Amino acid sequence: MTPLSLVVITRDAEEHIARCLKSVPFAAELVVLDSGSTDATVAIAKALGARVFVEEWRGFGAQKRRASELAQCDWILNLDADEALSEKAQEELRNLLAGGTLAPEAFALPRLSYHMGRWIRHGGWYPDWQIRLYDRRRTNWNKAHIHEKIQAQTVQRLAHPILHWVFKDLTDQVQTNNRYSTLGAKDLMDSGRKFRMIHLTLKPVVKFFETYFWKRGFLDGVPGFVIAVGAAYSVFLKWAKLWELQKIKTDV
C-alpha cells in the first residue's frame, strides 16, 4: 500500500480537528501545522497521535507548502480542519493506495459543504473540485494568499466527496467574506491588476446572477439566495479594497 501523510493546517479549530483527523484512519501519519491556536486544537491533535508543529502564519499557499515539507511520506492528502473524508471517499482512497504505483501527479475530489442546516448542492458549491491528494515530489501548492491551488499537469478525478462544514453561522460567513476579500485584493494587487470602476459596479452583479440563476442556487432555497448575495458582496469588497490599496500607494 502506498504510504500517505494526512496534512492539516490549523488555527483555533478545536470544534473540527478530531473529526478531520479521524476521517483518514489509513494514513501512515498525521501532520498538523498550527499557527498559534489559543484553544484546545493542539492538545486534541496530539492526543490523536498527530505530529504537531507550531509556526508563524505565512498565507494559505505558503503554509500548506510548508506543511507538505514536514510530512514523512511523499504522497500527501491535505484537508482543511473543517473538512473530513466521507465514508465512501475513505474506501475509494484506501483502494486507490492499495493498488500500487499512482501514475497521476495529483487527484481531485468533489467537496460537499454544509451551511444553514443543509448540504448545499448548487450555486457553484458542488461538486467544487479540490485537488487534495498529490505527490509532493512532482507538484505542490502555489503561494497565493487565498484560493491556493496545487500546480499539477496530470490530475485524475475521484468519485466521492470531502465533507465540509464551511461556516459556523451567518456571522462567521460575513466575517470570512470580509477576511477573504482582503486577501483577494492583495492577490489582485500582487498580480498587477488595476482598479476599474466597471469592475466594482458590474462584477458583483454578474456574480449574483452566476451563483443564483446560472448555477441554480435558487434550488437551495433561502440558503441559496443568502449565498448568492454573500458571494456578490465579497466580490464588491475585493474590488473596493483593491481601490483602497492602490489609492493609499498612490497617495504615499
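Is glutamate 148 buried or exposed in this structure? Glutamate 148 is buried, with a relative accessible area of 17%; buried means under 20% relative accessible area, exposed means over 50%, and partly exposed lies in between (1.4 Å probe, protein chains only).

This is a predicted model, in which local features need pLDDT of at least 70 and side-chain atom pairs count only at pLDDT 80 or more, while totals for chains, interfaces and linings use all residues. Residues are numbered from 1 along each chain as its sequence is written, and side-chain values use heavy atoms, with hydrogens and water left out.

**Salt bridges**

A salt bridge is a side-chain nitrogen of Lys or Arg within 4 Å of a carboxyl oxygen of Asp or Glu. A search of the whole structure finds 17 of them.

| glutamate 55 | arginine 58 | 2.5 Å |

Helices (H or I, at least four residues) and strands (E, at least two) are DSSP runs, numbered from the N terminus. Lysine 64 also counts as buried, at 1% relative accessibility. Both residues belong to a network of salt bridges that also links Asp80, Glu83, Arg111, Asp128 and Arg132.

Glutamate 210 and lysine 207 are 3 residues apart in helix α6 (residues 197-214), so about one helical turn separates them. Lysine 207 is partly exposed, with 27% relative accessibility.

**The sheet**

Strands of a sheet pair through backbone hydrogen bonds, either parallel or antiparallel. Here, two strands count as paired if DSSP finds at least two bridges between them. An open sheet of 7 strands has the order β3-β2-β1-β4-β9-β6-β12, with mixed pairing. The edges are formed by β3 (51-54) and β12 (155-157); each has a single partner strand, so one side of each is left without a neighbour in the sheet. From one strand to the next, the twist averages 25°; axes are lines fitted to C-alpha atoms, for helices over the stretch in contact, and angles run from 0 to 180 degrees between N-to-C directions.

Strand β1 (residues 4-10) pairs with strand β2 (residues 29-34) in the parallel sense over 6 bridges, and threonine 10 has aspartate 34 in β2 as its bridge partner. Strand β9 runs antiparallel to β4, to which 3 bridges join it, and isoleucine 76 has tyrosine 134 in β9 as its bridge partner. Strands β6 and β9 are also antiparallel, joined by 4 bridges, and phenylalanine 107 stands opposite leucine 133 in β9. Of the 6 residues of β9, 5 are buried, so this strand is largely enclosed by the rest of the structure.

Helix α4 (residues 87-98) lies across β1, β4 (75-78), β6 (106-109) and β9 (130-135), and runs at about 165° to β6. Contact means heavy atoms within 4.5 Å.
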